[in-house]
Each structure stands twice: as structure tokens, then as C-alpha cells.
Amino acid sequence: MLSFFSKQRIRGGVHAEEHKAATAALTIVTSFPLPKKLYIPLQQHVGKPAEPLIRVGDKVLKGQLLAYSQGMISAPVHAPSSGIVIDVNDYPAPHPSALPIRMIVLETDGKDEWIEAQAVADPFLLTPEDISLRVGAAGIVGLGGATFPTAVKLNMGRENHIDTLIINGSECEPYLSCDDRLMQERAGQIIDGVRLMLHGMDTENAVVAIEDNKPQAFLSMQAAALPYPLIKVIQIPTRYPMGWDRQLIRYVTGKEVPVGCRSSEIGVTIHNVGTAYAVHNALRHGQPLVSRVITVSGGAVARPMNVEVPLGTLISELFSFCQVDSELTARIIMGGPMMGDALPQTGLPTVKATSGVLALTQNELKSDQEQPCIRCASCVSVCPAGLRPLDMANNIRINQLDVAVDLGLKDCISCGCCSYICPSNIPLVQYFKYASGEVAARQQAQHKSEQTKRLIDARNARMERIAQQQREEELARIAAKAERERLKAEQEMAV
Ligand code: SF4
Ligand code: SF4
């Protein structure tokens, strides 16, 4: 039962149908057959893509660095298995557009042979800076879907003197249960990862927040955290999107993250349970991030499960292992049904952000029959960002994107609560995704045209400087010639 105070801390949200039972009760499958080829995108994180340091034909071992991070916000990419690099080229991205992005294609040799591990005997003897360096070198990014490089977040945590680390175990998206299973089966490793992250941020307090629809995960994590009184494991209400960082921070700490600020600026940071597990693997075993647990579920899946697969595995191979009926599949979604991306095909690779892949039947999809708005305001009451979705959508329909931006379009987190609740089946979140993309494209175009104008102005100024220099040289030449002639005339006069 929620207290009045706690209820006040939850803004908006919906009780979405869960559909988790099919996978949450089953042990993580670790016997996925090694694919013959792995397609490893160089961009699996927020920031700059990684830069390859291998060549076609190179033999690599599992865990070997394939591409290094570029710049402050980036992450390296490692080989998910041993084998030979057979291509570095553009392939369709695991994105609704399936536009080509650069990938390394690895032909596996079937040995799955690890490179020599760079583990340390006691990572707690490392400095916090060293922890960050090793986490960064392991290519760890936020595995809840944000894919922000974890090392950068640890550094920001140190710089901002974090007082609370929140570990997000909410997993509020319907269908997904990979974090639930991870917490049930690998709680000790996750808590170890939490302790290492605390050390990396030079702070002490952590709260692991788990939705109350995962009682077994809660018990496992509570038992694992028992020896560490500064790590609290709490249950939070099951309500989508409890996992949204601002909602979770507000609920757990009562603090509000100001618009335009990062949570670290108010002394709080959030990491996902899967990220904590990856940190444990990197520091205790010297293993970079090369695989992850993925939920495969949906009405068209005969064997729904949570399965650990090497990054770069094609969805088609996952679907074949889980016996997905392609005839029954009406939509393929990467991620959860609320915030995930609908994919156009299965020949796309899984990446660090892939928490789930769903094959949904027509019955599981909301009706496409859009009706006129009845101004019920349900979309307003469920919006966790405090926006007015119907007003934003009305303005986007008439191409008044500036007005939509003024109404808060940029604060929309694309959670889909408004679309989910709308009795008229208006695909509100689709409007917002389209408009956000359009606004970003216009800003990019404007930035480009301003940059072009700056370049033209700089070129004109340079040409003007050259012309001026040439004029001055010409004048100097004429003056010198006149002087020579004057001297010559004087000499002739003297003679
Ligand atoms: S929920 Fe749908 S019908 Fe109700 S006000 Fe919003 S857009 Fe209109
Ligand atoms: S998709 Fe955007 S507008 Fe709709 S409920 Fe979520 S945050 Fe609000």
C-alpha cells in the first residue's frame, strides 16, 4: 500500500498489461548456439562511433579490442567471439529506418576462445579513477537502453559528489524480464558491481529499486545486499514508466531534477542492474561487454525465453532458436512495446541496448482505427512529463512545430502512455517522434547553413585580405618604379 507521501511522488503513468509471466519464471538460457557470423556496429552507444583498429583478414580472440573509443563521449567495441574479420562495411542498422551504418563482420571459428584476461586481484585497491578507466576500456554503457558510456557517468559522479546511487531494477516495460531474471540468478554479482561503482564514484550510499511485481528478484537482491548496510534494496510500485530516471529519482529521493540539468547535479545518479553486472564482469574477471541477456517474447514466439547471446547476433537467428512463427508475426519490436522500435526485418543485429526482441501478433497490437479526439484529457493525466499531448498533436498536425516545441515537445520522453490510454486510438507518440525528428533535422539544417555562411564569410574576408595585399604590393611597385625613374632622371641631370 502506498503512503500518501509516496503517491504524491508518482506523476502520471499507466498500468500496462504485463505479459511477463511467459519468460520471468524461466532460468536464463545460456546454451545459445554460437552464430557463424556476428555483425558488430561501431555505434552502439551515445556519442562518437568507435574507430576500427583491425583489418579484414585479421584473426581475433573473444574480448579483443576491435574498435577504440573516440573523444570524451564514446565507447570501444570488442570481439564477441573468436574468429576472422571478414568485412568492415555498411549494413542495415537495428533501427526502424534500417539505414546502413558501419559494422565489423566477424566469422566465428567455433572455439569461442577468450583473450588473456586483464583482471585485478582486488579491484577495491584501485583508485576510483582507475575503476572508471577499466569500466571505459571494457566498453560498458547503460544497459537499460540509454547506452550512455558508464565511465563518463562515474566520472561525473565523482566530480559532482554524488550522495545516492540508484540502481534501476524497475524494468517497467511490459513483456521484458531480462533484468528480473538477472536479479534472481546473479544477485551477488550485481551487488558486487554496485559496490565497485560506489568505489568508482567515491561515495557510499546506494538504493536498489525494484518494482513490486518481482518478489523473487527483490528477495534475492535483499539477501545479497544484507552484508552491506549502505546498500538498501526497496520495492517500488509497479507502474509504467517508473524506470524513467526523473520519475525514479523523485520517488526514491523526493528530489526533482530541474529541466535542462543532469541528475548528478542534484547529487543523484542512476545505473541499470545489467550495467552493475557488466561492471562486476569487467573488474573481477577482466571481461569486456561482449554479450547480454535478451528477452525474446510475444504471441508469435513458441519458446519465449531470456537468453544470453553474443552481441552482433542477428535477430533472425534469435527467432529461429525461439521458434518464432513468421506468419503470425504482425510486428517485430526491439525493446519493449511502449518505447521500443518497430523493425522492418530480422536481418539486423542485436546490440548493447537490446533488452528484448518481440514478435507480436495482430491481436497484441492496438487497433489502428483512429477516431476523432473526444477531449477526455486522459492523455494529459497520464503524461509523466506533465505535458498536454492533445495540444501538441493538434499543432503538429497543422505543421506548427514551433508551437509544439513551446508546449514542451523537447521534454517528451516518447514513453507512449498517452497513445496507450487514448480511447480514440490516436497515435500521439508517433506524432511526437515524427515532430522531434523534424525539429532536429531543421535545427541541423539551420546549423549547417549557418556554418556554410560562416565559411563563405571567412573565404570572402580572406579574398579581400589577399586583394588588399595585392593592391598594396602594386602601389609599392609603382612607387618603387617612380623612385627609380626619379633617381635616374637626377643622375642624367647631373651628367
Ligand atoms: S486521450 Fe485521446 S481522445 Fe482523450 S483528449 Fe487525449 S487525444 Fe483526445
Ligand atoms: S509520449 Fe510524451 S506526451 Fe505522451 S505521455 Fe509520454 S512524455 Fe507525455
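Let's start with one residue. Leaving out residues up to four places away in sequence, L360 touches G298, G299, A300, A330, R331, I333, P337 and L365. Take G299 from that list: it sits 61 residues from L360 in sequence, yet the C-alpha to C-alpha distance is 5.4 Å. L360 itself is found in strand β16, residues 356–360. Is L360 buried or exposed? It counts as buried, because it has 22 C-beta neighbours inside 10 Å.

Now step back. This is a predicted model, so please keep that in mind throughout. The protein has 495 residues, and 46% of them are buried. Its secondary structure comes to 15 helices and 16 strands. The C-alpha trace spans about 115 × 65 × 50 Å along its principal axes. On contacts: take pairs at least 6 apart in sequence, and 74% of those contacts join residues at least 24 apart.

Next, domains. The assignment gives domain 1 as 1–19 + 125–286, domain 2 as 294–364 and domain 3 as 373–495. How far apart are the C-alpha centres of domain 1 and domain 3? They lie 38 Å apart. The two are in contact, with 10 residues of domain 1 meeting 11 residues of domain 3. On the domain 1 side, that touching set has six nonpolar, three polar and one charged residues.

Let's look inside domain 1. Strand β9, residues 206–211, pairs with strand β10, residues 231–236. The sense is parallel, over six bridges. Within that pairing, V208 stands opposite V233 in β10.

Keep going along the chain. Between β10 and α8 there is a loop, and P241 has its place there. The peptide bond joining Y240 and P241 is cis, with omega about 0°. Then comes helix α8, residues 245–253. Which of its residues are buried? D245, Q247, L248, I249, Y251 and V252. Just after α8, G254 takes a positive phi of about 80°.

Two non-glycine residues also have positive phi. One is H161, with phi near 50°. H161 lies in the loop between α4, 150–159, and β8, 164–169. It is exposed, because there are 11 other C-beta atoms within 10 Å. The other is S414, with phi of about 55°. S414 lies in the loop between α13, 401–406, and α14. S414 is partly exposed, given 14 other C-beta atoms within 10 Å.

Last, the ligands. Ligand 1 has 13 residues around it. Which come nearest? C373, C376, C379, C422 and S424. By class, the ligand 1 shell divides into 10 nonpolar, two polar and one charged.

Ligand 2 has 16 residues around it, and C383, C412, C415, C417 and C418 come nearest. Two elements give two or more residues to that shell: α14, 417–421, and α15, 428–494. The largest share comes from α15, with three residues. The ligand 2 shell splits into 14 nonpolar, two polar and no charged residues.

That's the tour.

Key. Residues numbered from 1 in each chain as written. Chains lettered and ligands numbered in written order. Predicted model: local features only at pLDDT ≥ 70, side-chain atom pairs only at ≥ 80, totals over all residues. Near = placed C-beta within 6 Å. Nonpolar A, V, L, I, M, F, W, Y, C, P; charged D, E, K, R; others polar. Helix = DSSP H or I, 4+ residues; strand = E, 2+ residues; numbered from the N terminus. Buried ≥ 20, exposed ≤ 12 C-beta atoms within 10 Å, placed from the backbone. Contact = placed C-beta atoms within 7 Å. Pairing = 2+ DSSP bridges. Domains from an automatic or database assignment.
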